[in-house]
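Look at the model first, then read on.

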Amino acid sequence: MTATLVDQPQAPVAPATPRRGSGGRAVARVVVGVLLAGYAVVSLYPFLWMVSAALKTREEIIGNTGLIPRSPTLATLVDTWDRLNFFGYFLNSVGVTFFTTLGVVVVYSAAAYAFAVIDFPGRTALYRLFLVLLFVPAAVTLLPIVLLENHLGILGGHFGLILPFVNGTAPLAILLLTNAFDAVPDELRDAARVDGAGEFRIFATIYVPLARPALVTIALLTAIPTWNEYLLTRVSLNDASAYTLPIALQALRSEQTIQYNTLMAGALIVVIPIIILFLSAQRYFVNGLVGAVKG
Amino acid sequence: MTAASSEAVAGAVSPLGRAGRGPHFRRREKAWGYAFVAPALLLFAVMGVYTIAYGFTLSFARWNGFSPRWIWVGLENYIDLLGGSPVYGPPVRAAALNTLWVMIAVPLLTVAVSFPLAVILNSVTRLRTVLRSVYFIPYVTNGIAIYFAWQYIYEPNGAINGVLGALGLGSLQQPQGFLGNPATALPALIVVMVWTAVPVAMLLYLAGLQAIDPALLEAAKIDGAGWWRTNRSVVWPLLTGTTAIVVLLNLRDALQGFQVFLIATNGGPGDATNVLGLETYRLAFLSELAPTLGLASALGWMLFLVALVIALVNQRMLRRLR
């Protein structure tokens with residue numbers, strides 16, 4: 001993040017001819033600008049069309065295939081939000097996402113602390129076990145989860161979503177957080193011990209604050225997929241009042257013919273909150289990911 | 001940087017190498033170690049062990065989900081899937097072929113887009129933070145909502161056909177829409193997958209770029225290497241570890257992921273976009289009363305095995321490179 005910029009494009013290829021060099025530099029700068037702006041458009045492209053369709057009326061979505069709505073209206077958005085009780089689904093999504101994220105941060109920061117700094121028999125084997133789970137396909141555990149939860153009587157509720165979501169994030173969370181805790185100098189722990197601090201205090205007052213970027217990172221890497229989760233939610237929820245936003249959106253789609261203005265209004269309602277969450281935490285996020293990967 | 005990360009991703013012990021206190025673990029420390037991992041283990045025991053054991057056992061049985069008993073069939077499910085059954089073999093083979101295309105195209109295109117993007121982004125100072133956030137939006141919105149938006153722009157009178165018309169490339173337009181034509185549906189979904197994979201790959205490359213010693217680049221410059229030479233002969237080899245992680249993560253997603261296929265095309269038109277992950281899901285949840293749950297499990301475990309082998313090969317190759 002600091003001064004380690006790789007500013008090759010500015011490098012003059014032939015220093016002997018300064019005029020051509022500076023001309024080349026200007027050309028390079030334009031090319032760089034065009035490429036960066038181009039990919040920004042590519043990144044936002046589906047999102048732009050989502051906004052465009054959501055602002056169109058039922059008549060306009062058929063008649064006007066252009067990006068810019070002729071008479072933009074918020075009526076479709078308001079109507080979709082009200083008529084389909086999106087506020088209820090929104091609260092469901094917030095609840096499931098919040099408790100899943102909380103669970104992941106609490107459970108796996110503790111586990112990662114043990115893997116990174118405490119000596120105990122079986123440590124390496126357990127750590128490897130959790131990493132291997134990264135390769136178990138979702139499709140193979142989906143059905144057993146449904147059957148198990150049916151036995152336990154938690155199928156169909158939000159708790160039945162949160163537990164497998166937390167467990168499913170284990171490999172990634174342990175990987176990132178173990179690396180982050182490992183980067184904390186040993187001396188801090190030794191010094192705190194001399195002062196008489198117990199293991200839990202060392203964890204809570206030294207390691208957790210120092211690993212905050214990594215914790216924010218794993219919180220986001222949990223919250224984003226959980227917010228958008230569709231597969232397990234789809235096969236386990238029956239009662240419409242428990243639906244999360246993606247399932248409510250799917251239900252919108254199943255209705256008769258596709259009304260793209262309504263559908264895109266619903267889609268917009270699904271993505272806006274998570275985009276806001278990401279933007280408000282992205283500063284920590286990027287640094288945390290970089291730090292965690294550096295190990 | 002890349003060394004540690006790739007090791008860690010591939011399941012090595014790098015962050016654990018701190019032992020050094022000999023074989024005699026201190027008892028209190030031991031107890032604390034177990035106490036800290038206990039919640040994670042407990043959850044894994046409830047949600048993980050049962051589901052994995054159940055799924056694995058089921059892969060040796062025939063069951064439709066309703067009948068009271070399983071019929072043990074040994075390895076028959078695996079054999080059927082590998083071509084032994086005239087009913088289940090052909091669709092699996094077709095899905096495997098589609099999956100193979102995805103596994104080749106997605107990692108390759110993701111690296112081809114994200115590496116240059118990261119290099120260019122790293123060379124500018126103005127707007128870098130803003131652009132990085134913008135480039136990350138595809139990952140943040142990755143889910144059913146954005147798949148619907150892609151469906152919308154792939155429609156017969158959607159945005160992509162519109163752009164092609166405006167550019168005078170009307171011959172490339174798809175009158176049935178890009179997802180409606182069996183020839184273009186798979187490439188169209190590969191584009192969506194690459195689009196969602198680029199953000200994380202780009203961030204990993206950015207992290208790698210910032211860890212490169214500026215002196216090395218300075219030396220290349222003094223030796224007269226231009227922008228292209230420096231990046232090809234100095235930067236790219238230095239980031240081999242990052243490339244390995246990006247390829248591994250995308251191979252796994254290409255092999256096992258199927259959400260976009262389920263939502264955007266449901267494998268169609270015909271079976272043009274059916275992939276192995278989706279086939280697993282179909283066998284498990286969409287085959288009504290047919291006794292295909294064991295087959296679904298067996299297929300899932302084969303996908304696990306392939307992913308694991310890929311990860312191990314990846315790790316081995318990295319080690320040899322070092």
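Start with a single residue. Now compare A:Gly23 with A:Val105. The two are 82 residues apart along the chain, and their C-alpha atoms are separated by 52 Å. Keep in mind that this is a predicted model.

Next comes chain B. This chain has 14 helices and two strands. Its C-alpha trace spans about 75 × 75 × 30 Å along the principal axes. Of its 322 residues, 48% count as buried. Take the contacts in chain B with a separation of 6 or more: residues 24 or more positions apart account for 69% of them.

In an unreviewed entry, UniProt lists residues 96-314 as "domain: ABC transmembrane type-1". That span is 75% helix and 0% strand, and its end C-alpha atoms lie 21 Å apart.

How many residues of chain B are in contact with chain A? The number is 92, and they meet 90 residues of chain A. On the chain B side, helix α2 (residues 27-58) gives the largest share, with 18 residues. The table sorts that side by class.

| Class, chain B side touching chain A | Residues |
|---|---|
| Nonpolar | 59 residues |
| Polar | 26 residues |

Conventions
Residues numbered from 1 in each chain as written. Chains lettered and ligands numbered in written order. Predicted model: local features only at pLDDT ≥ 70, side-chain atom pairs only at ≥ 80, totals over all residues. Helix = DSSP H or I, 4+ residues; strand = E, 2+ residues; numbered from the N terminus. Buried ≥ 20, exposed ≤ 12 C-beta atoms within 10 Å, placed from the backbone. Contact = placed C-beta atoms within 7 Å. UniProt positions renumbered as here; feature names shortened; annotations may be inferred. Nonpolar A, V, L, I, M, F, W, Y, C, P; charged D, E, K, R; others polar.
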